[in-house]
Amino acid sequence: MEDKKLIFSGIQPTGTFTLGNYIGAVRNWGPLQDEYNCIYCVVDMHAITVKQDPVKLRQNTMNSYALLMACGIDVEKSILFIQSHVKTHAELSWILGCNTQFGELSRMTQFKDKSKKHADDVNSGLFTYPVLMAADILAYNADLVPVGVDQKQHLELARNIAQRFNQRYGDFFTLPEPYISEIGAKVMSLQDPTKKMSKSDENPNAVILILDDKDTIIRKFKRAVTDSDAEVCYREGKDGINNLMTIYSSVTGKDFASIESEFSGKGYGDFKLAVGEAVADHLEPVRTEFARLIADKAYLKKCYTEGAEKALRYSQRIVSKVYRKVGFVDRT
Ligand code: TRP
């Protein structure tokens, strides 16, 4: 790889992403590939910290992998792989776990939230989840990690673990920094625009999935919650319209002023229809490319096998050095 900064990110194998994941994150990963060396990983090992149906997990992992490719991740430019295929993650995770305090993990807000939500299964994997995430990042000595706000605390912990290891065993790990994209906008629920758009929303009309077909997308936008005046303009208190304008702007590239003039004198009905059509048209090539990829299992397999080989080669060098540093006897 050339001498560029290294970006690492992982994404949960949920099978499909929301428009929020897409606009806020995944869409911006493609363009990063020219400026940085990029490594992207579908984190199936993280997924099993909560109960998963095995058949669905396998399917969702494949779908997520194909979807990342359909969204512009180029397996020639970047390393794209499935976490469980690369054993160094689990290996490093053990060592990092021995350098992480129980108290630190107990303070993770996501652990507290998830142990409430899954009170019948507070397993130790859920507790050590952030250690595995630190291993994902540190196994490559990544410089930058694109994460949303919900993962900032975990990234902070990864830095602390790296720092502690460096103090104990001598400078070794790069301290990873969050990568905050200037572009990605935050997309809110179509039914309650004060809440983030989330795949787990009970109301399916609140969420656009990037594999939704055109009619579904248009129907959901038609039902989007707005307000009782009738002016398309970006203003405090008009959360619904602000959200639609943000979405429209990010798929068309138009700024708010030109959107306001485009729809001045027109009703919300026209505006919602235009947003729906623009989103559906924008996502059309992603859907088409996804359908092509998911039908070609042999090609997908070739991609993820090669991705895993590259990831293993890269991370093995680093993890072998870690083994030496902690005092394990050389195997060969
Ligand atoms: N925990 C992240 C999430 O839920 C996913 C993830 C796993 C990740 N390993 C990572 C993100 C490493 C960035 C870097 O979204």
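A residue counts as buried when its relative accessible area is under 20%. Asn141 stands at 17% relative accessibility, so Asn141 is buried. This is a predicted model.

**Asn141 and its backbone**

Asn141 sits in the loop that runs between α7 and β4 (144-146). Its backbone deserves a look. Phi of Asn141 is near 50°. That is a positive value, and the residue is not glycine.

**The ligand and its shell**

Which residues come nearest to the ligand? They are Gly10, Tyr129, Met133, Asp136 and Gln151, out of 13 residues around the ligand.

Tyr129 has a polar side-chain atom 2.7 Å from a nitrogen atom of the ligand. For Asp136, the distance from an N or O atom of the side chain to a ligand nitrogen is 2.6 Å.

Where in the chain does the shell come from? Two elements, β1 (6-11) and α7 (124-138), each supply at least two of its residues. Helix α7 gives the most, with four residues. By type, the shell holds seven nonpolar residues, five polar ones and one charged.

**Aromatic pairs**

How many aromatic pairs does the structure hold? The count is 16.

One of them joins Phe102 and Phe127. Their ring centres lie 4.9 Å apart.

Is Phe102 buried or exposed? Phe102 has 61% relative accessibility and counts as exposed. Phe127, in contrast, is buried, with a relative accessible area of 14%.

Phe127 also pairs with Phe111. Here the ring centres are 4.9 Å apart and the planes stand at 70°, so the pair is edge-to-face. The cut-off behind that label is an angle over 60 degrees. Phe111 lies in helix α6 (residues 109-117) and Phe127 in helix α7. The two are 16 residues apart, and their pair links distant parts of the chain. Phe111 is buried, with a relative accessible area of 16%.

Ring pairs also build a cluster. Phe8, Phe81, Tyr140 and Tyr314 are its linked members. Tyr314 has a further neighbour, Arg317, which lies over the face of the ring. The distance from Arg317 to the ring centre is 5.4 Å.

**Loops and distances**

Thr14 lies in the loop between β1 and α1 (19-35). Thr14 is partly exposed, at 33% relative accessibility. Lys51 is found between α2 (44-47) and α3 (54-70), again in a loop. Lys51 is exposed, with a relative accessible area of 62%. Thr194 lies in the loop between β5 (177-179) and α9 (214-222). At 54% relative accessibility, Thr194 counts as exposed.

Helix α9 itself contains Ile217. Is Ile217 buried or exposed? Ile217 is buried, with a relative accessible area of 0%.

Each of these residues can be set against a partner elsewhere in the chain.

| Residues | Apart in sequence | C-alpha to C-alpha |
|---|---|---|
| Thr14 and Val43 | 29 residues | 9.9 Å |
| Lys51 and Gln316 | 265 residues | 30 Å |
| Thr194 and Asn63 | 131 residues | 30 Å |
| Ile217 and Glu277 | 60 residues | 7.9 Å |

Take the last row. Ile217 and Glu277 are 60 residues apart along the chain, and 7.9 Å separates their C-alpha atoms. For Lys51 and Gln316, 265 residues apart along the chain, the C-alpha separation is 30 Å.

**Back to helix α7**

Helix α7 has come up several times. It gives four residues to the shell around the ligand. Helix α7 also holds Phe127, the partner of Phe111 in helix α6. The loop between α7 and β4 holds Asn141.

Note on methods
Residues numbered from 1 in each chain as written. Predicted model: local features only at pLDDT ≥ 70, side-chain atom pairs only at ≥ 80, totals over all residues. Heavy atoms only, no water. Near = heavy atom within 4 Å. Polar contact = N/O pair within 3.5 Å; in protein donor to acceptor, adjacent residues only side chain to side chain. Nonpolar A, V, L, I, M, F, W, Y, C, P; charged D, E, K, R; others polar. Phe/Tyr/Trp six-rings, centres within 6.5 Å; stacked < 30°, edge-to-face > 60°. Buried < 20%, exposed > 50% of the residue type's maximum accessible area, 1.4 Å probe, protein only. Lys NZ or Arg CZ within 6 Å of the ring centre and 35° of its normal.
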